[in-house]
Amino acid sequence: MPAINDDEPQGPQLFSERPEWADVTPVPQYEGFQPIAPILYTPQYKDATDYFRGIVRTGEKSERVLELTEAIIRMNPAHYSAWQYRYHTLLAIKAPLDEELKRMDAIAIQFLKTYQVWHHRRLLLTALHSSSRTSPSSVKSALEELAFITRTLATDAKNYHTWSYRQWILAFFDNADLWEGEMGFIERLLTEDVRNNSAWHHRFFVVFGKGSGLQRGASQEDSETVLKRELAYTKDQISLAPNNPSAWNYLRGVLEKTDTSYERLRSFVELYTVSQVKPDQSVLDLENPGPGTTAELPCVAALEFLADIHEKAGGDEVKKAIEIWKSLANEHDTMRKKYWEFRIKEASL
């Protein structure tokens with residue numbers, strides 16, 4: 001199988017100039033009669049895709065088809081048909097799929113934001129390990145793939161397709177050691193950038209997802225331990241960056257997932273709704289770490305959170321929620337003024 005590398009292909013650039021492709025009849029793209037706005041393909045791309053349609057028409061699956069699809073993918077990594085035909089060609093000629101996976105590393109790094117890059121890897125791993133996901137060799141492959149994803153995330157720590165693929169790896173192999181190893185990885189990323197919303201989202205997936213202890217029949221005591229751990233960790237991260245919406249959203253998610261009352265966090269939230277930190281605050285509350293002296297207060301997310309606490313309490317507490325929403329609409333979060341006015345109207349009905 002031709003190796004995939006970053007070098008330019010040797011020999012004639014056009015497939016129409018290559019003797020070994022003389023037996024293939026290229027099929028031009030049909031664009032209708034005198035198209036109003038024809039697409040200005042490069043000669044190289046037009047040539048390659050004409051030959052691609054030619055081999056699709058005949059159903060050929062061979063080594064040279066891999067060369068052709070590679071050329072197209074390098075020019076247009078989002079060409080779904082080229083990726084799909086390449087995959088079926090690999091299966092048809094019984095090419096070593098583990099080698100294909102390695103060969104695709106460079107393309108995956110070069111075209112991180114292309115969905116097809118990651119879908120191809122997913123197809124390869126499924127074909128390689130669908131019948132033996134729990135075997136030591138499969139777990140080893142999963143660990144290697146997680147390590148590769150870690151390297152790609154160092155280039156773009158918030159790439160959606162890469163994160164989705166990482167979650168698929170965990171769910172597909174569903175190995176306890178793989179799941180447990182994710183927590184250290186996540187905390188390293190959040191230490192580097194506490195505002196990395198993708199890392200926060202992944203933490204929620206790992207803690208409360210399919211492979212977590214809570215989904216494997218954990219006892220009530222274990223569930224409470226996890227809840228306390230997640231609340232404590234998130235509070236600490238909020239104290240470092242009070243106006244980080246990612247951490248506040250995670251905090252809400254933890255409460256909702258565990259059916260925990262918002263009221264449980266009232267004391268903590270109130271620390272971030274004041275205009276400034278009290279200078280005489282000499283007692284350190286480890287369960288409710290407060291903002292630093294340089295924090296920008298009041299924190300909009302905390303005000304919103306406190307208003308929700310009041311609203312959920314009902315009765316006269318709703319009036320307190322309305323007052324907070326008014327302050328958000330008119331002073332602290334005027335960008336969402338219409339939204340806060342809507343909340344006020346709904347609560348007043």
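Buried means under 20% relative accessible area, exposed over 50%, and partly exposed in between, with a 1.4 Å probe and protein chains only. By that scale Glu323 is partly exposed, at a relative accessible area of 49%. This is a predicted model, in which local features need pLDDT of at least 70 and side-chain atom pairs count only at pLDDT 80 or more, while totals for chains, interfaces and linings use all residues. Residues are numbered from 1 along each chain as its sequence is written, and side-chain values use heavy atoms, with hydrogens and water left out. Helices (H or I, at least four residues) and strands (E, at least two) are DSSP runs, numbered from the N terminus.

**Salt bridges**

- A salt bridge is a side-chain nitrogen of Lys or Arg within 4 Å of a carboxyl oxygen of Asp or Glu; by this rule the count comes to 29.
- Lys326 and Glu323 form a salt bridge through their side chains, with an N to O distance of 3.7 Å.
- Lys326 and Glu323 are about one helical turn from each other because they sit three residues apart in helix α15 (residues 317-332).
- Lys326 is partly exposed, at 36% relative accessibility.
- Salt bridges with shared partners connect Glu263, Arg266, Glu270, Glu317 and Lys320 in one network.
- Glu144 and Lys140 are joined by a side-chain salt bridge (2.6 Å, N to O).
- Both Glu144 and Lys140 belong to helix α7 (residues 136-153), where they are four residues apart, about one turn of the helix.
- Glu144 has a relative accessible area of 34%, so it is partly exposed.
- In the salt bridge of Arg343 with Glu311, the closest N and O atoms are 3.0 Å apart.
- This pair links distant parts of the chain, with Arg343 in helix α16 (residues 337-348) and Glu311 in helix α14 (residues 300-313), 32 residues apart.
- Arg343 is buried, at a relative accessible area of 14%, whereas Glu311 is partly exposed, at 32%.

**Helix packing**

- Two packed helices are described by the angle between their axes and the distance between the axes.
- Axes are lines fitted to C-alpha atoms, for helices over the stretch in contact, and angles run from 0 to 180 degrees between N-to-C directions.
- Angles under 35 degrees count as roughly parallel, over 145 as roughly antiparallel, 65 to 115 as roughly perpendicular and the rest as oblique.
- Contact means heavy atoms within 4.5 Å.
- For residue classes, Ala, Val, Leu, Ile, Met, Phe, Trp, Tyr, Cys and Pro count as nonpolar, Asp, Glu, Lys and Arg as charged, and the others, Gly among them, as polar.
- Helix α8 (residues 160-173) packs with helix α9 (residues 176-192) at an angle of about 155°, and their axes are 10 Å apart.
- Helix α8 is therefore roughly antiparallel to α9.
- On the α8 side, Trp163, Arg166, Leu170, Ala171 and Phe173 meet Leu178, Trp179, Glu182, Phe185 and Leu189 of α9.
- The contact of α8 with α9 has eight nonpolar, no polar and two charged residues.
- Between α12 and α14 the packing angle is about 25°, with the axes 10 Å apart.
- Helices α12 and α14 are therefore roughly parallel to each other.
- From α12, Trp248, Leu251, Arg252, Leu255 and Glu256 meet Ala301, Ala302, Glu304, Phe305, Asp308 and Lys312 in α14.
- The residues of the contact of α12 with α14 divide into six nonpolar, no polar and five charged.

**Buried residues in helices**

- A polar contact is a pair of N or O atoms within 3.5 Å; within protein, one must be able to donate a hydrogen and the other to accept it, and residues adjacent in sequence count only if both atoms are side-chain atoms.
- Arg252 lies in helix α12 (residues 245-257) and is buried, at 17% relative accessibility.
- The side chains of Arg252 and Tyr262 make a polar contact (3.5 Å).
- Apart from its neighbours within four places in sequence, Arg252 contacts Tyr262, Glu304, Phe305 and Asp308.
- Trp200, in helix α10 (residues 197-208), is buried, with a relative accessible area of 1%.
- Beyond neighbours within four places in sequence, the contacts of Trp200 include Leu190, Val194, Tyr233 and Tyr250.
- Thr69 is part of helix α2 (residues 63-75) and is buried, at 0% relative accessibility.
- A polar atom of the Thr69 side chain lies 3.1 Å from the backbone oxygen of Leu66.
- With neighbours within four places in sequence left aside, Thr69 is in contact with Phe52, Ala82 and Arg86.
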